[in-house]
Amino acid sequence: MTEYALILVSTVLVNNFVLVKFLGLCPFMGVSRKLETATGMALATTFVLTLSSIASYLVNEYLLAPLGLEYLRTITFILVIAVVVQFTEMVVHKTSPLLYQVLGIFLPLITTNCAVLGVALLNVQQRHGFLESAVYGFGAAVGFSMVLILFAAMRERINVADVPEPFRGAAIALITAGLMSLAFMGFSGLVT
Amino acid sequence: MISAILILSALAVAFGLLLGYASVRYKVESDPMVDKIDALLPQTQCGQCSFPGCRPYAEAIANGEADINQCPPGGETTIIALADLLGRDPKPLNPENGVEEDVRTVAVIDEQVCIGCTLCIQACPVDAILGAAKQMHTVIASECTGCDLCVPPCPVDCIDMVPVETGIEDWKWSFPDSTVNAGLSTLAPHARTVADGEREDDETPQRKAG
Amino acid sequence: MRRLFQFRGGVHLREHKKDATLHPVVPAGLPKRLVLPLQQHIGKPAKPVVAVGDKVLKGQVVAEASDTVSSPVHASSSGVVTAIAAQPIPHASGLSAPCIVIETDGQETWRPRDEQVYDYHQLSRAQLREKIRQAGIVGMGGAGFPSHIKLDPDGKSVDTLILNGAECEPYITCDEMLLRERALEVIVGLRIMRYALNAQRCIIGVENNKHKAFLALLQQVRNTGADFIEVIQVPTVYPTGGEKQLIHVLTGKEVPSGGLPLDVGIVCHNVGTAYAVYRAIEFDEPLISRYVTIAGSVAHARNLEVLIGTPVIDLITECGGNPGTLSRVIMGGPMMGIALHSTDVPVIKTTNCILVNARVGDVPLPSRGDFALPCIRCGACAESCPVGLLPQQLYWYSRAKDFDKVQDYHLFDCIECGCCDYVCPSQIPLVHYFRYAKTEIWALEREKKQANIARRRHEFREFRLEREKREKQERHKRKRQALKKDSGTGGEADAKKAAIEAAMERVRAKREAAKPRNVDNLTEQQQRLVDEADARRARAAGRSNDKENRA
């Protein structure tokens with residue numbers, strides 16, 4: 001039981017995928033302008049990450065490993081992730097057309113989100129079991145969502161504040177992200 | 001080698017079938033986005049955006065054929081609202097489409113000159129002109145959106161665009177300019193007081209009685 | 001002993017109330033002209049029922065209420081109506097609005113009054129409210145909401161009726177003087193209101209800096225033996241006099257956002273309104289005068305009983321102010337008053353104070369610099385807000401013109417008291433930003449409504465044009481079919497000829513059926529003219545017939 005709690009704390013705080021591992025920076029910067037879109041993106045990515053983490057584990061464990069096709073791992077994982085993202089896109093388009101329009105290109109770009117592929121590959125590298133893979137994927141998603149929502153909230157306030165002209169827009173956002181990253185790296189050593 | 005290709009192909013086919021099923025199951029019929037965009041437009045139906053009305057412009061925005069900064073009657077507020085809705089950056093109004101007017105205008109027909117030709121009635125996009133052939137025409141001021149479309153067709157040029165007077169009900173507080181005297185700020189800082197004498201700007205017109 | 005509550009925030013201000021309370025209140029001098037705006041209340045403006053040139057008596061109705069939420073206007077003195085036109089009115093914009101101008105004749109002749117004092121219990125509650133409505137009584141604490149509506153429990157039960165004598169703003173002392181001098185009348189007015197609302201208990205709240213007023217009230221409550229009335233002193237904090245704040249202090253209840261005090265079983269009226277109700281019910285006198293404080297840079301700061309419609313300049317000169325050195329005249333208090341654009345504006349039903357400020361340095365109003373500095377996010381504004389809002393966030397979003405976000409932070413719950421403005425170390429004009437945001441939002445809502453109407457009209461027009469096109473096509477189709485059917489008997493040319501003949505027949509019938517109009521009861525000359533015209537027509541017809549016969 002404690003291993004799963006440890007995995008969660010590790011992926012959410014200590015080894016946060018965005019701020020410590022620096023994966024998934026594209027949606028992090030691109031969708032964080034408004035809080036509502038960031039929340040929508042966070043939910044979509046959580047869905048994709050958890051599902052693809054499980055699916056990748058299953059394909060690796062029961063298809064690639066027994067047949068000795070480990071060298072096809074990367075391309076197969078990408079295929080799995082692409083399918084899951086397509087599926088998610090259809091669901092979002094049906095349930096919330098507004099979110100679909102607002103997320104725009106970033107929804108299919110979850111396919112190229114290195115955090116998703118990263119989770120899948122790290123699961124294999126760290127030789128996780130089925131449940132561990134699932135928790136690992138879910139924890140990574142929670143960490144990503146939390147940071148995305150925090151950053152979006154901060155960006156909303158920064159955008160209406162008195163920012164000096166040279167810093168407006170992406171510049172102040174990246175500086176803020178850097179400071180957040182410094183803060184999150186303070187979590188290292190939380191679990192000994 | 002062969003088995004690898006076969007396995008991958010099988011996997012791809014399986015996923016393809018899954019996606020095919022999902023695309024049918026989660027089919028989306030119409031695009032409610034257009035309604036949401038149309039709700040933000042000012043409905044002047046003036047055509048300055050280069051589309052024949054507000055609904056076609058909304059459809060063009062939804063299709064990505066038009067940009068969000070083409071509506072002069074909507075002005076900055078509409079651009080910001082559209083940017084907000086679509087998650088884009090607001091940009092300044094495209095000068096090719098026109099300039100934002102400060103004062104709202106309505107059309108007024110000079111009844112001495114009107115010949116009752118009905119050309120303006122046919123031009124008005126909101127049917128705000130009352131009249132019939134060889135009868136006097138008149139503009140229903142409360143329904144006129146100030147779109148200017150009735151002015152060109154009139155053969156005797158009897159239609160004028162007259163600015164609408166603002167009264168106390170429409171009066172708005174000005175945006176506070178922090179470089180100007182903000183002292184005694186709760187006490188109407190923009191107001192000219194008695195000792196200031198004549199007002200140099202005529203932005204506060206006297207309202208007519210009745 | 002009733003337990004009192006504290007509302008969060010608020011500021012302690014220097015009171016400046018001593019000067020105006022040294023002398024008893026006397027009536028102000030009768031002005032030469034009275035300017036009565038048609039709208040001195042919340043709701044629709046009143047409609048004039050007199051014309052220019054009419055003689056009016058004191059207390060006569062000059063404008064009737066035009067709607068349920070509206071209030072009549074009465075002549076404050078006898079005289080002649082000289083104009084019904086736009087005059088400058090006390091409003092932040094400096095704009096004018098329709099007013100009735102009366103030139104006083106100095107006689108102060110009353111209209112016939114029902115002099116007898118009778119037992120108001122004999123009237124039904126609805127009749128009582130109707131009398132109050134006809135007397136033109138509105139909330140005299142500054143809001144101006146028609147009081148007869150606020151005295152209607154509207155099916156809800158009213159547990160507590162509160163009279164607001166807190167008067168928390170500096171300089172203003174009109175309510176205090178009213179309580180000191182006419183406490184008994186206020187209490188009778190309170191009892192009338194209690195009857196109208198069928199309320200249980202009554203509380204009169206006064207700030208603890210008004211000792212004489214408090215004692216006067218206590219005495220009169222004891223004299224009248226009203227054990228259901230409590231007189232309570234509340235701590236002197238600005239803005240205790242705000243309706244929702246006073247309710248919270250006295251009862252601990254919080255009026256929900258967007259709701260009314262009636263929702264929690266409480267109704268709150270100003271002490272001046274209670275006095276006006278007393279005069280209306282017991283003496284049949286409409287609301288035509290009120291206590292007004294004149295303070296600031298005047299030689300004799302004091303309270304006067306002023307006729308509604310008196311120009312402000314008259315009061316300033318009466319109290320020793322110098323019209324030549326005026327730089328800023330405020331109607332209301334230093335926190336929530338409005339700066340006047342002209343001193344010709346009249347005192348209206350909701351005017352409580354005229355604050356005269358010759359130079360900023362003379363009168364120690366909250367002192368300010370010349371310009372605002374950037375916000376340092378100190379949070380002092382949030383600590384002082386009596387409503388519990390976040391003025392800092394409201395500021396940032398008003399400034400960025402993000403009107404959706406600003407409403408998320410409950411902009412419309414802001415009572416514009418000015419506490420946040422007062423404590424801001426950067427001296428940012430916060431209340432100005434909030435007022436700007438509020439009027440912009442209202443303007444946007446109006447535009448949206450207009451746009452919706454325009455859209456519906458446009459859509460109907462498109463539908464109408466489509467329908468017309470369709471109907472035209474239907475008609476063409478039917479005609480073609482009809483022609484085709486006839487063509488079986490003689491070919492198309494015949495059918496066309498038949499159609500043309502039919503049309504000409506119709507025209508002939510119409511011409512013959514057309515009768516000359518206006519031919520009954522003709523004078524001789526008219527009949528002669530008609531006969532001549534007929535003769536001319538006959539000759540012309542004869543000539544054309546000859547032409548035809550020859551051709």
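Which residue in β7(C) is the bridge partner of C:Lys55? I looked it up and found C:Val80. A reminder to myself before going on: this is a predicted model.

**Entry: the sheet around that bridge**

β4(C) joins strand β7 (residues 79-88) of chain C through two bridges, in the antiparallel sense. Both belong to an open sheet of four strands in chain C, ordered β2-β8-β7-β4 and paired antiparallel. I noted β2 (33-37) and β4 (55-56) of chain C as the edge strands, since each pairs on one side only.

**Entry: strand β17 of chain C**

Next I turned to β17(C), residues 353-357. Is this strand mostly covered or uncovered? I found it mostly covered, with five of its five residues buried. I then checked where the residues point: C:Cys353, C:Leu355 and C:Asn357 go one way, C:Ile354 and C:Val356 go the other, and all are buried.

Which strands pair with β17(C), I wondered? Strand β13 (residues 289-296) of chain C pairs with β17(C) in the parallel sense over four bridges. In that pairing, C:Ile294 has C:Ile354 as its bridge partner. Strand β15 (residues 328-331) of chain C runs antiparallel to β17(C), and four bridges join the two. Here I picked out C:Arg328, whose partner in β17(C) is C:Asn357.

**Entry: chain C as a whole**

I stepped back to see the whole chain. I counted 14 helices and 17 strands in chain C. Its C-alpha trace spans about 115 × 65 × 55 Å along the principal axes. The radius of gyration is 35 Å, whereas a compact globule of 551 residues would have one near 24 Å. Of those 551 residues, 47% count as buried. I also looked at contacts between residues at least 6 apart in sequence, and 71% of them join residues at least 24 apart.

**Entry: a helix pair in chain A**

Last, I went over to chain A. Helix α3 (residues 35-64) and helix α4 (residues 73-95) of chain A pack at an angle of about 145 degrees, their axes 9 Å apart. The crossing of α3(A) past α4(A) is right-handed. Where they meet, α3(A) contributes residues including A:Phe47, A:Leu51 and A:Val59, and α4(A) contributes residues including A:Phe77, A:Ile81 and A:Val84. By class, I have 13 nonpolar, five polar and one charged residues in this contact.

Methods: Residues numbered from 1 in each chain as written. Chains lettered and ligands numbered in written order. Predicted model: local features only at pLDDT ≥ 70, side-chain atom pairs only at ≥ 80, totals over all residues. Buried ≥ 20, exposed ≤ 12 C-beta atoms within 10 Å, placed from the backbone. Pairing = 2+ DSSP bridges. Rg over C-alpha atoms; globule rule 2.2 N^0.38 Å. Contact = placed C-beta atoms within 7 Å. Axes fitted to C-alpha atoms, helices over the stretch in contact; angles between N-to-C directions. Left-handed = near helix turned anticlockwise from the far one by under 90°. Nonpolar A, V, L, I, M, F, W, Y, C, P; charged D, E, K, R; others polar.
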